[in-house]
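Below is a briefing on one protein structure, arranged by topic. Please read the points with the structure open.

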Amino acid sequence: MKILILRFSSIGDIVLTSQVVRCLRKNFQEAEIHYATKKSFYPILQHNPYISKIHLLDKSWLDLISELKKDKL
């Protein structure tokens with residue numbers, strides 16, 4: 001199972017979702033938890049041990065969508 005969390009605004013919202021990620025990992029231990037966000041928020045998430053992969057909105061939405069499709073999300 002793969003779970004994708006999308007959060008593109010507000011540093012506070014990014015921080016608040018850390019509890020969501022932890023709860024998802026606790027309840028779905030076998031799941032891959034992917035997180036998509038803006039490149040500027042990467043430092044907040046990079047050391048979160050519950051996230052399997054971080055996808056970054058850097059240049060364009062099309063690039064991000066292409067990356068998500070490659071990971072079958």
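L56 touches T37, K38, K39, Y42 and L64, leaving aside residues up to four places away in sequence; contact means heavy atoms within 4.5 Å. L56 is found in strand 3. The model is predicted, so local features need pLDDT of at least 70 and side-chain atom pairs count only at pLDDT 80 or more, while totals for chains, interfaces and linings use all residues. Residues are numbered from 1 along each chain as its sequence is written, and side-chain values use heavy atoms, with hydrogens and water left out.

**L56 and strand 3**

- Strand 3 covers residues 53-57; strands (E, at least two residues) and helices (H or I, at least four) are DSSP runs, numbered from the N terminus.
- L56 has a relative accessible area of 25% and is therefore partly exposed; buried means under 20%, exposed over 50%, and partly exposed in between, with a 1.4 Å probe and protein chains only.
- Between L56 and Q19 there are 20 Å in space, C-alpha to C-alpha, and 37 residues in sequence.

**Helix 1 and its cover**

- Helix 1 runs over residues 11-27, and its 17 residues should span 24 Å at 1.5 Å a residue; the expected span is 1.5 Å times one less than the number of residues.
- The buried residues of helix 1 are I14, T17, V21, L24 and R25.
- The cover over these buried residues includes strand 1, strand 2 (32-38) and helix 2 (42-45).
- N48, in the loop between helix 2 and strand 3, touches S18 and V21, again not counting residues up to four places away in sequence.
- N48 is buried, because its relative accessible area is 17%.

**Aromatic pair**

- The structure holds one aromatic pair; rings of Phe, Tyr and Trp (its six-membered ring) pair if their centres lie within 6.5 Å, and planes under 30 degrees apart count as stacked, over 60 as edge-to-face and the rest as tilted.
- F8 and W61 form this pair, which is edge-to-face, with 4.9 Å from centre to centre and 70° between the planes.
- The pair links distant parts of the chain, 53 residues apart: F8 is in the loop between strand 1 and helix 1, and W61 is in helix 3 (residues 61-70).
- F8 counts as buried at 18% relative accessibility, whereas W61 is partly exposed with a relative accessible area of 49%.

**Positive phi angles**

- Most residues other than glycine have a negative phi.
- S10 is not a glycine, yet its phi is positive, near 65°.
- S10 lies in the loop between strand 1 and helix 1 and is partly exposed, with a relative accessible area of 36%.
- K72, also not a glycine, has a positive phi of about 55°.
- K72 is placed in the segment after helix 3 and is exposed, with a relative accessible area of 71%.

**Surface patch**

- L4, L6 and L73 form a nonpolar patch on the surface, with about 230 Å² of accessible area together.
- Patches are made of residues with over 30% relative accessible area and no salt bridge, joining like charges within 9 Å and nonpolar side chains (Val, Leu, Ile, Met, Phe, Trp, Tyr) within 5 Å.
- A salt bridge is a side-chain nitrogen of Lys or Arg within 4 Å of a carboxyl oxygen of Asp or Glu.
- Accessible areas come from the Shrake-Rupley method with a 1.4 Å probe, and for residues only the protein chains shown count as cover.
- L4 lies in strand 1 (residues 2-6) and is partly exposed, with a relative accessible area of 31%.
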